[in-house]
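Have it open while you read, and go through the points in order.

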Amino acid sequence: MTNPAAPTTVLRRNSAELAGALPPLLADAQRLAAMILLGEHGRRHSGTGDEFWQYRVAVDGDEARQIDWRRSGRSDLHFIRQKEWQAAQSVLLWVDNSASMGFSSSKNLSTKGDCARVLAMAISILLLRGGEKVGLSNSANPPRAGQTQLLRLAQELSDNSDTNDFGSPDSHGMRADTRAVFISDFMGDFAGVQKALTDAADRGVKGALLQILDPQEEAFPFNGRTVFESMAGTLRHETLKAGDLRDRYLQRLAGRKAALADLAHLTGWQYFCHHTDAAPRLALTWLYHALERRR
Amino acid sequence: MFALGPIGFTTPWLLPGLIALPILWLLLRAVPPAPIRRRFPGVALLLGLTDDEVHADKTPWWLLLLRMLALAAAIIGFSGPVLNPQDPDTGSAPLLIVADGTWADAHNWAKRQERISGLLDQASRNGRVVSVAVLSDLPTDQPQFLSADVWQTRLAGLQPKAWLPDAAALNEWRANLGENRFDTYWLSDGLARETRADLLAKFEEKGKVTIMQSPRAVLGLKPVTIKDGALQITAVRSASVNDSAITITAIGLDPAGIERELARVDAQFKAGEMQVETSLSLPPELRNRISRFSIQGIHSAGAVTLADDGLRRREVALIAPNDGREGLQLLSPLHYLKQALEPTADLIKGGLEDVLPANPDVIVLADVAKLTVGQTDGLITWVENGGLLLRFAGIRMAASDLSRGAEDELMPVRLRSGGRTVGGALSWGAPKSLQPFKQDSPFFGLEIPADVNVTSQVVAQPDPQLATRVIASLADGTPLVTRKQMGAGQVVLFHVTANAQWSSLPLSGLFVQMLERLAVSSAPGTLSAEELGQSTWTPVRLLDGFGQLADAGAMAGVAGQELAAAVVSAKMPPGVYASNERRVAVNALAAEAELATATWPARIRVEGLSVADETLLKGAFLVAALALLMLDIVASLWLSGRLTGPRSTGIATVLALVAVSLADPVLAQDTSDDFAINATAEVVLAHVITGDDRVDEMAHAGLTGLSDVLYRRSTIEPANPVAINLETDELAFFPFLYWPIVASQPVPSKEAYAKLNRYLRGGGMIMFDTRDGDIAGYGTGTTPEARKLQKLALGLDIPPLEPLPKDHVLTRSFYLLQNFPGRHQGRAIWVEAAPVDAEQAEGMPFRNLNDGVTPVIIGGNDWAAAWAVDAQGNYMAQVGRGYSGIRQREMAYRFGVNLMMHVLTGNYKSDQVHVPALLERLGE
């Protein structure tokens, strides 16, 4: 930093970049979340909360002030108005922001990373709306509820400082009885995923694995003499006949998916593979139900 | 030049380069294609995978072949291939190119020009000087030997003439050829001629002679004659090699005045015959219209023969006075006329009223003094349109008051009462003979037989104009025949009877000749020199070498004797010549003409006309090489996978662009079809694009709003409205056009107006909206829009208009309405006026109006603004205030619904008038 003005310039530029990226991310996520109209699903028990749950005949021991006089006036009995029990749960998100997520095969498709971030934000919006606490597993901030958290999440998600080729899930911040969502292409080291997932399972964390792939990664439409390079350039593979590799590549990809599904099954997680050219709503719906099911 | 079959090479030493091709093959096979670098996250899954084959993808054989072909094409292309290489003409002497340039050349003149052009090219390459001469149009001085390029520029100016070379001019030119030696190319027209031998001898004396002559026979048409009422058509040819069929067409003006084919006849030349005759029988009406005959598909003056008076049979109506008694035939006033005219004219008999509609060429009134007013009017009209009224005197005329006090319109002169008799039993003097005809008389030149004399006549009253009207007079100067021009026609009076009562004229041959000169009858056959007389004949229409008729322009006249000789030349080209009323045709081919093929001595080289041209193939080969290389680029891209994959978009775009640009016309076709299909699949409202964006947008939104309302309230379910460009779009698809008037909009082009008028006639409706209903009513012309409307409507076929009457069908086609507000509560709107005879029937609420939808509605209430809704369905313009505004908009919509109902169902509601009557009838 030879230039004294540089830090502020950098800061301003970064903040502009952030501010630039945030609204679209938020807007995309909001729009996506708006497609799923879900109420605040409560715990199906009476408890403290805002929503009406049921009228119950007053029994001895109920305080007189609990009696709902309007309801009681319509009958000879006294009724107590009960609210539904609403408890917040923590959901930890891990969104892969490594270099490989920056890939998109065509200008018309968003990168895998963008797709992942939008999905993460959308599920966050849905969860926050449902009163849950949401946080990122690789962030210093604990899961929190409320609309401010949304902005914080957006800011943290927009930070793609990871220059590694492939990322592996971060499970160190997970406490027992939280839920977790891992969004990545899971193209990197499988051991990392395995370790994170078993760690999580050990702590009783349940959750969902969302694999995001580009259609080209599914199709491998290459021919001829080709040098394949990873996004950050650390990995490289040269072939003389790319077309011949297709079947074996697809086999390996299927193997990787099967391994992920198996691992998820073993640890009681859910696994889903989403493609960037598919409608994100499907992935979001799946994700929402995957989180809701085990609540 | 090195040659392989029909292909020669200018630089053959490049050809051994082809040997390098197999080496290239091996090289290309050995070198693998360069790798592509791709970013691909899935590489992690690829790690450790090895290729099955150690060898790189070999370049496939077909790509190699493509490249070899490209290279081969390039090598061959640069070695300069020439198709049909012509032996270079080694001569360096000056070159004389001679073309006959007669009508026989005309049919394939273009080919001859091409041939000359080829010769000039060759001469240009060899640096020879050239002179080009056309024998039918020889220069007066020595041949000019110039550079071939100069002649190349003059080549287009060389045209064949309709006549044959003039022997005298040819001799002069031959003698004038100069001292220098030259080679000669002679493009012969293929017809034998005496002048050829001398000329050939002269050319041979000067140098090498080559003749070019087409082996095809030359066809000609001789003058058509009439025999037994049928046209005798004779076609001749120059070579009698085989059977060949020709079609001869007769061309003339149809009743509408348009030149077209009137009849056609086929003829078949038999092998060995030089001549074929065929006859064509046509009704006189049709035959008289024929202006020329031509052999179909042959463009030369010789294949055209012109029709003249000889072929015309005039229709002559003979009207005799009603005397109501059976006369003796020889005393009939018409007897001698009939005798004179029957061979050469078609006679019509009948009453004047019956004859006039047949529009004869001539009406003869023999001693008819009294005509009714109707007859007189009819005759005047007929004469003024070009008829010839020929009147004869007689007892009745002499006894009547016809043209006595004042000149009768249908008489050339005033008459004295009674007439006179000379040389009779009770009179002095001898019968009068005729005075020789004066120069300005149409009879000038006719010989007067000595035995023609006149004993009685009606006498003309001396008048200032009398002298100009007399065309024949007696020896004592009294007029015998007088004439007056009247409109396009004329009235001629013979002051004697048409029979031999008053004179011996009708008994003489002079009578027939006089009738001929008056063009009452036409002379059969060709005219002799005497008949043609000393008169001068001016050309009217002339044939060019190609057989096209054109106006003669300011050509000088031709003397009668020359015309009789009928030798066509530059001074007297074939064509139609006229003197007074008579017309004579001079044809390129005379009646006695024979065609024969020109023969040449064996020592002379004779070539055909068509010689395979030398074609340079270098360009074609190089283009092929380039195309193959282009193909190679695409193929290599495809092979190496660059057409697919992340980085291929640019290339794919370029390719797609190329494909699109190639497929562009088809695309345009598709879109116009789409336009038609969209416009016709459903009812579509349309508005005219004015060029003012705001108005156009409002019009579109207005029609959208109206469409929505129609959809909700009625069975009309329109699709989205469209904007119409009057210049480019087809209007016929739309039942209704909304045309907002903007003062600044351009006036449509003529074509657009034609389209609009067609649209209006075809049942379309245009609604003009001046949008100024708040400040002016229609017709005041006080606003710029109203003035613009007046300007726009000038070119339109708009019927008389009236303010919308209270019982117009628009007031009840769906809703019952009496006013028609838009955004403005304007005054009257105007529609096509009801017919004057529309009456209100007894007990009916409405007049019984005619059929049809008004083609235009003109108003200024800015309806579109009242109807306009935006994409969300919100109203776009404020209409009125408060509840009354809502009501006004509602009424505007109702008017729109009524309007569309009227447009689509026409006067259906008007027919409701008849419902009571129909019900009554049903009840019975």
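**Notes on the two chains**

1. Of the 295 residues in chain A, 37% are buried (20 or more other C-beta atoms within 10 Å of a residue's own; 12 or fewer is exposed, in between is partly exposed, and C-beta atoms are placed from the backbone). Keep in mind that this is a predicted model, with local features needing pLDDT of at least 70 and side-chain atom pairs counting only at pLDDT 80 or more, while totals for chains, interfaces and linings use all residues. Residues are numbered from 1 along each chain as its sequence is written, and chains are lettered from A and ligands numbered from 1 in the order in which they are written.

2. Chain A has 8 helices and 9 strands (DSSP runs numbered from the N terminus: H or I of at least four residues for helices, E of at least two for strands). Among its contacts (C-beta atoms, placed from the backbone, within 7 Å) with a separation of 6 or more, 73% link residues 24 or more positions apart.

3. Next, the cores. The largest nonpolar core holds 65 residues (a core being a set of buried Ala, Val, Leu, Ile, Met, Phe, Trp, Tyr and Cys residues joined through C-beta atoms within 7 Å). A:Leu119, A:Ala122, A:Val181, A:Ile183, A:Leu210 and A:Leu287 have the most contacts inside this core. Helix α3 of chain A, residues 112–129, is its top contributor, giving 12 residues. Beyond four places in sequence, A:Leu119 touches A:Ile183, A:Leu210, A:Pro280, A:Ala283, A:Leu284 and A:Leu287. A second, separate core has 59 residues, including B:Val688 and B:Ile858.

4. What about the interface? There, 35 residues of chain A are in contact with 28 residues of chain B. On the chain A side, β7 (226–229), β8 (236–239) and α7 (242–267) each give two or more residues, and α7(A) gives the most, with 8. That side is made of 14 nonpolar, 10 polar and 11 charged residues (Ala, Val, Leu, Ile, Met, Phe, Trp, Tyr, Cys and Pro count as nonpolar, Asp, Glu, Lys and Arg as charged, the others, Gly among them, as polar).

5. There is also strand pairing across the chains (at least two DSSP bridges between two strands). β7(A) runs parallel to strand β3 of chain B, residues 36–39, over 4 bridges, with A:Phe228 opposite B:Arg38.

6. Within chain B, look at the open, mixed sheet of 6 strands, ordered β7-β6-β5-β8-β9-β34. β7 (146–147) and β34 (605–607) of chain B each have a single partner strand, so one side of each lacks a neighbour in the sheet. Parallel strands β5 (residues 95–99) and β6 (residues 129–134) of chain B share 5 bridges, and B:Val98 partners B:Ala133.

7. Helices α7 (residues 167–175) and α8 (residues 195–206) of chain B pack at about 10°, axes 11 Å apart (axes are lines fitted to C-alpha atoms, for helices over the stretch in contact, and angles run from 0 to 180 degrees between N-to-C directions). That makes α7(B) roughly parallel to α8(B) (under 35 degrees; over 145 is roughly antiparallel, 65 to 115 roughly perpendicular, the rest oblique). B:Ala167, B:Leu170 and B:Arg174 meet B:Thr195, B:Asp198, B:Leu199 and B:Lys202 there.

8. Lastly, strand β33 of chain B, residues 582–586, has 5 of its 5 residues buried. B:Arg582, B:Val584 and B:Val586 lie on one side, B:Arg583 and B:Ala585 on the other.

Conventions
Two residues are in contact if their C-beta atoms, placed from the backbone, lie within 7 Å.
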